[in-house]
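Biologist: Here's the model I want to go through with you. Can we start with the charged pairs?

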Amino acid sequence: VADPIITLTTDFGEDSPYVAAVKGAILTVNPAARILDLSHQIPAQDLHHAAFFLAEAIPFFPPGVIHVVIVDPGVGTERNLISVELGPHRILSPDNGVLTLLLRKWPLERAVRLAEPRYWRETVSATFHGRDILAPVAAHLSLGLDPAQLGPPVSTVVELPIPQPAIDSSGVRGQVVFVDHFGNLITNIPSHLVPSPFTTEVTIQGQQPRWVRTYGEAEPGTLVALFSSGGWLEIAMVQGNAAQSLGCGRGAACQLSVAGQACK
Amino acid sequence: VADPIITLTTDFGEDSPYVAAVKGAILTVNPAARILDLSHQIPAQDLHHAAFFLAEAIPFFPPGVIHVVIVDPGVGTERNLISVELGPHRILSPDNGVLTLLLRKWPLERAVRLAEPRYWRETVSATFHGRDILAPVAAHLSLGLDPAQLGPPVSTVVELPIPQPAIDSSGVRGQVVFVDHFGNLITNIPSHLVPSPFTTEVTIQGQQPRWVRTYGEAEPGTLVALFSSGGWLEIAMVQGNAAQSLGCGRGAACQLSVAGQACK
Amino acid sequence: VADPIITLTTDFGEDSPYVAAVKGAILTVNPAARILDLSHQIPAQDLHHAAFFLAEAIPFFPPGVIHVVIVDPGVGTERNLISVELGPHRILSPDNGVLTLLLRKWPLERAVRLAEPRYWRETVSATFHGRDILAPVAAHLSLGLDPAQLGPPVSTVVELPIPQPAIDSSGVRGQVVFVDHFGNLITNIPSHLVPSPFTTEVTIQGQQPRWVRTYGEAEPGTLVALFSSGGWLEIAMVQGNAAQSLGCGRGAACQLSVAGQACK
């Protein structure tokens, strides 16, 4: 049987020593742990970005992996650190909303608040709980510790306000909720709200992207609409950067609508 | 015997969830696979950059490693996905030219087109074949699957047009083909075309760099010519950035010549 | 017993093939080595950054890990490559000062100069000793090679000049020595020089940050002073970037002082 896997998702960047210190703190407790980087480039303290990232990444992992998430603007304050199960997935994180979108897929299970310092580093700093608490706790779990030993159960966790698409007879108004590395704009409009995509008019910032199934179906530079690999309406520029080209990012300022299925 | 290694080379960046999803998809099929990041910072959709990167990296690996390359502007279109052997190296990639420079070192062997969905994820998206096809196929290979099971053989693959140095009695005209992280300019002029480097005049953008064996042989700020660790004529600025300083990048716009061996 | 771990800390970035080539060179000698990335984003040739990075990262690792550091502006010149022990930690690096701050924690032990080509790649380039010497040497050590076999002992290593805080009756004048990924400014003033922090006035670039224990104790946008997770006076902007906001980086240009404990 393979050694246990601990994944890391942080906003630490790689120029600073924080990722390295977390890895050392894990290996100090379990030298056999296999550490897997998911990202250290979550934008600083961006909980919405982290929540979307996790919802599109964690579901693809097999059971038994321990996922550590360290995006923690409230480090050292009253916010809790938690260990939760969501379906087959176990996650350690601050209780600050990063699980919001995963909670739409699975109910909260076996959630506990980390409260047992015996599983932490001996000295806990005020500003680096990722290294001093989450890392050693993850390593103890990877050695087989029962999560129930980590602290008392919690029944709810913090959730972020997530903008919902507005639906009326004229169609659907939505928002960009994630801008990816290529400048593709992922929206909060799921594919089931656009049952006949190729005959439905999409408008973003006054422009009408052309419907395609995949990027390569239009010429470079074309603004296209398609469904993302996660099942969301996505606006992209073929071999270009839609976010830059439209001057458009996450949030309500970027005007996005999908015409009602009756029109056209 | 050590667990099998699967390497990843992508243009996904690390702010997006794509790298993580690929890693999860691999581990879902083979939880014992050792995943090794080569790069996720290939410039977006830049096949020439990827081809050079692979030619300078893959040859240093031992046999038995499975290399997955996901730089795939044509995802979801007619382009093939392939599994190939080049010397002792096995690579999975889109058939889009990323293997061009490796093919100068080894002939194409045991090349097949991926055509057997039984080795893919159950649902295959139109825009993320890295996660849905390449990742699970790599994991199956790491479990010992015979590549011949993946699909029918192919006898040729796509090659990129690569600029060749022009040689005449006055010398050699070449091009920058790669700009590295330090702003060093790697050219397409191999060392054997410059048999007497220290007595040969190099000109780039009207300037004559000084020949050195290694960077530290000249003062900081000096423009130097040397042979790269891969055996190419390289133009560098000591403890500086030659690309920025010369305003010079990949391609024909950057004027580069090496005087004939007769002239000084 | 788990396979041996080799960590990598470099200034190579990830767009270039250098990290990948180092990994391949390690695995060619020891295919079972577990390679762990600490950072490939050390700013190019920045020895002070690397020295601070290592001092804040290496101490958190367990014994038995082999740390390879490749920040090497003098590659190919007379500078040595060394293998050293510092407390329980083994490090391979150029002898260029990157160990300076670690040497304040542990004395130099079992230090040798790499001089035995039998443990190197067969061909050694002039510009890439990380790939051609450090990588295979690390892999041989991970297979159990006695470091004494690598070359002759050395009794001292290069140390960088590190600015010390100036202490007089009016207080302490210090410097920023590290700017982290969040723009937090880490100084060279240790916590023991500020025994009563909350009643001590700190001044940086003419501004007086507010003392907090951790970031979340002040409103977003507040300039705060606190002790870093490594025990240094740190200046931060809550959910912001202090370096950008103050126009302040590493070095003497950024005016920093802490009032004497008698005042206020």
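Biologist: Asp46(C) first: buried or exposed?
Modeller: Asp46(C) counts as buried, at 17% relative accessibility. Buried means under 20% relative accessible area, exposed means over 50%, and partly exposed is in between (1.4 Å probe, protein chains only).

Biologist: Before we go on, what am I looking at, and how is it numbered?
Modeller: This is a predicted model, so local features need pLDDT of at least 70 and side-chain atom pairs count only at pLDDT 80 or more, while totals for chains, interfaces and linings use all residues. Residues are numbered from 1 along each chain as its sequence is written, chains are lettered from A and ligands numbered from 1 in the order in which they are written, and side-chain values use heavy atoms, with hydrogens and water left out.

Biologist: Back to Asp46(C). Which residue forms a salt bridge with it?
Modeller: Arg250(C) does, with the closest N and O atoms 3.1 Å apart. A salt bridge here is a side-chain nitrogen of Lys or Arg within 4 Å of a carboxyl oxygen of Asp or Glu.

Biologist: Where do Arg250(C) and Asp46(C) sit in the chain?
Modeller: In distant parts of it, 204 residues apart. Arg250(C) is in the loop between α4 (242–246) and β14 (251–259) of chain C. Asp46(C) is in the loop between β2 (34–39) and α2 (47–57) of chain C. Helices (H or I, at least four residues) and strands (E, at least two) are DSSP runs, numbered from the N terminus.

Biologist: What is the relative accessible area of Arg250(C)?
Modeller: It is 41%, so Arg250(C) is partly exposed.

Biologist: Chain B now. What does Glu85(B) pair with?
Modeller: Glu85(B) forms a salt bridge with Arg110(B), closest N and O atoms 3.0 Å apart. Glu85(B) is in strand β4 (residues 81–86) and Arg110(B) in strand β6 (residues 108–113) of chain B, so the pair ties together parts 25 residues apart in sequence.

Biologist: And burial there?
Modeller: Glu85(B) is buried at 18% relative accessible area. Arg110(B) counts as exposed, at 51%.

Biologist: Which residue does Asp168(A) bridge to?
Modeller: Arg173(A), with closest N and O atoms 3.8 Å apart. Asp168(A) is partly exposed, at 38% relative accessible area.

Biologist: How many salt bridges over all chains?
Modeller: The count is 33.

Biologist: How many of them run between chain A and chain B?
Modeller: The count there is 0. The rule does find 13 residue pairs in polar contact across that interface, both at pLDDT 80 or more. A polar contact is a pair of N or O atoms within 3.5 Å; within protein, one must be able to donate a hydrogen and the other to accept it, and residues adjacent in sequence count only if both atoms are side-chain atoms.

Biologist: Which element gives the largest share of chain A's side there?
Modeller: β2(A), with 5 residues. By class, that side of chain A has 15 nonpolar, 9 polar and 7 charged residues. Ala, Val, Leu, Ile, Met, Phe, Trp, Tyr, Cys and Pro count as nonpolar, Asp, Glu, Lys and Arg as charged, and the others, Gly among them, as polar.

Biologist: How much area is buried between chain A and chain B?
Modeller: About 2700 Å², of which carbon and sulfur atoms give 59%. That is the accessible area (1.4 Å probe) that two parts lose on being put together, summed over both. The contact (heavy atoms within 4.5 Å) takes 31 residues from chain A and 33 residues from chain B.

Biologist: What about chain A and chain C?
Modeller: They bury about 2700 Å² between them, 59% of it on carbon and sulfur atoms. The salt bridge count is 0. There are 13 residue pairs in polar contact, both at pLDDT 80 or more. The largest share of chain A's side, 8 residues, comes from α1(A).

Biologist: Why call α1(A) enclosed?
Modeller: 10 of its 12 residues are buried, so α1(A) is largely enclosed by the rest of the structure. Among them are Tyr18(A), Lys23(A) and Leu27(A).

Biologist: Last one. What does the side chain of Thr7(C) make a polar contact with?
Modeller: The side chain of His67(C), at 2.8 Å. Thr7(C) lies in strand β1 (residues 5–10) of chain C, and is buried at 0% relative accessible area.
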